[in-house]
Amino acid sequence: MLVDSTHLPISLVRCTGQKCDSNGQPIQPNSPPPPVSEKDPDDWGPYGNQLRFETAEFIFQEAEMSASKIDKLLYLWGGSSNGGQPPFSDHNELYETIDATKLGDVRWDTFGLRYSGERPTDNVPPWMDEVYEYWFRDPSTLVENMFSNTEFDGEIDYAPYRDFTADDKRRYQNFMSGDWAWSQADIIAQDPSTHGSTFVPIILGSDKTTVSVATGQNDYWPVYISIGNIHNNVRRAHRNGVELLAFLAIPKAAKKYTDDPTFRRFKKQLFHAAMSRILSPLKSGMTVPRVMKCPDGHFRRAIFGIGPYIADYPEQVLVSGIVQNWCGRCVASPDNLDAGGPPRTAQLMRALIEELQAGTAWDEWGVDVNVVPFTEDFPRADICQLLAPDILHQLVKGGFKDHLVEWVAGAKERMMDIDRRTAIPRAAEIP
């Protein structure tokens, strides 16, 4: 029978999630949270006053006027003897004001990447000239919003811990109860300036599902972000515990180029370059604590860190820079996975790339020397140790569906063969 969890003291870890003020200075543990500031009722944001706001709301949301009709309305307004100066000069000013409105959600931004390697002197493949568009939201703001969500109060952990049952057996439930969070906090604590901070693991996931967009019929695949501090039940309930971070481009080319080694290599490198750029706003917060407001109303100093990456096996191959059919977590040969092998680490991958020829690294170690994982741009991040098991495809589908269904489908023939092999002949049949 399980009893209430016992949290071991974490003074050795030192990432204790200590409360602080808005300037990052420690406060007493029993101090009340600072009062919530109320918004000024006369604050109309970029609109300036109530008339401009209500005019914009009517024109844009209720009447849904075209640009030409907006200009005509504002012209008549300004020419009226009683109207006076119109709230906006034309539709452009109206649109710019609406675009400047601060939304509750994090705004989307975009950037483009293109091929910059060697090019043939003639007959340049079209994919080399293509600009691949990426849409993303600031991960730093997404994490701060998630971490300050008051709905998570009481369902969030500010420090790693170890959980035990009444008979002193280790119990794993929420993310921060695991060994990885504990070990990461130990590494972070080697810098005395981080003592008392809160470790915030950044959980990433992607699912390469083609999405058709009305304009241009572009294809993307989504990337999601979460934090390891919130409890599992919150994340499963989708209470803003998982956010859409980005849409990645899917480079395409004419059929004659799809198997071109240069194009295949470019697609891999493009993914890692994009992920590195998208996650770059988090990098400074991985070494220097960042003061953030928490669900309980207090401030804490937070240290970010790249956490598990959740993806199916084909994407794990892309993310980790390994060869198809090899394991991203160890160096076991794909011909004999049961034999196992030592752990695959970023340090080992770097050494293999430096010491071995490309063909040897590919054939004997399952390493693609042309791919540098995006995690190499971030401190303490080892993608080989961050890959989460693909339970759906590797266990459920691979172990149960494919293997078991195939076995059951041939069960009748197998049983008949077993009967033939084990049948005991009647006495009359024995010579």
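**Briefing: cysteines, salt bridges, pockets and helices**

Cys330 is buried, its relative accessible area being 17%; buried means under 20% relative accessible area, exposed over 50%, and partly exposed in between, with a 1.4 Å probe and protein chains only. The model is a predicted one, in which local features need pLDDT of at least 70 and side-chain atom pairs count only at pLDDT 80 or more, whereas totals for chains, interfaces and linings use all residues. Residues are numbered from 1 along each chain as its sequence is written, and side-chain values use heavy atoms, with hydrogens and water left out.

**Cysteines**

- The structure holds zero disulfides, a disulfide being a pair of cysteine sulfur atoms within 2.5 Å.
- Cys327 is in no disulfide, and the nearest cysteine sulfur, that of Cys330, is 3.7 Å away.
- Cys330 is likewise in no disulfide, with the sulfur of Cys327 as its nearest cysteine sulfur at 3.7 Å.
- Cys327 counts as partly exposed, at 23% relative accessibility.

**Salt bridges**

- The structure holds 10 salt bridges, each defined as a side-chain nitrogen of Lys or Arg within 4 Å of a carboxyl oxygen of Asp or Glu.
- Asp179 and Arg170 form one of them, with their closest N and O atoms 2.9 Å apart.
- Asp179 is partly exposed at 41% relative accessibility, and Arg170 is partly exposed at 26%.
- Asp368 forms a salt bridge with Lys268, the closest N and O atoms again lying 2.9 Å apart.
- This pair links distant parts of the chain, 100 residues apart: Asp368 is in the loop between helix H10 (358-365) and H11, and Lys268 is in helix H7. Helices (H or I, at least four residues) and strands (E, at least two) are DSSP runs, numbered from the N terminus.
- Asp368 is buried at 6% relative accessibility, whereas Lys268 is partly exposed with a relative accessible area of 25%.
- Arg350 forms a salt bridge with Glu376, and the closest N and O atoms are 2.8 Å apart.

**Largest pocket**

- The largest pocket holds about 790 Å³ of space. On a 1 Å grid over the protein atoms alone, a pocket is an open set of points where a 1.4 Å probe fits, with protein on both sides within 12 Å along at least five of seven lines, and lining residues have an atom within 4 Å of a point. Grid points are joined across faces, edges and corners, and a volume is the space filled by probe spheres set on the points.
- The lining comprises 28 residues, of which Phe175, Ile203, Pro308, Ile310 and Ala388 are the closest to the centre of the pocket.
- Two or more lining residues come from each of helix H5 (179-188), strand S6 (198-206), strand S7 (220-227), helix H6 (232-236), strand S10 (299-310) and helix H11 (383-386).
- S6 gives the most to this lining, with four residues.
- By class, the lining has 15 nonpolar, nine polar and four charged residues. Ala, Val, Leu, Ile, Met, Phe, Trp, Tyr, Cys and Pro count as nonpolar, Asp, Glu, Lys and Arg as charged, and the others, Gly among them, as polar.

**Second largest pocket**

- About 640 Å³ of space lies in the second largest pocket.
- Its lining has 24 residues, and Arg264, Lys267, Lys268, Val317 and Leu318 lie nearest its centre.
- At least two lining residues each are supplied by strand S8 (243-249), helix H7 (261-279) and helix H8 (313-320).
- H7 provides the largest share of the lining, seven residues.
- The lining of this pocket has 15 nonpolar, two polar and seven charged residues.

- H8 is mostly covered, with seven of its eight residues buried.
- The buried residues of H8 are Tyr313, Glu315, Gln316, Val317, Leu318, Val319 and Ser320.
- Gly321 follows H8 and has a positive phi, near 75°.
- Ile98 is placed in helix H3 (residues 91-99).
- Ile98 touches Tyr47 and Phe60, not counting residues up to four places away in sequence; contact means heavy atoms within 4.5 Å.
- Ile98 and Ala56 are 42 residues apart along the chain, and their C-alpha atoms are separated by 7.7 Å.
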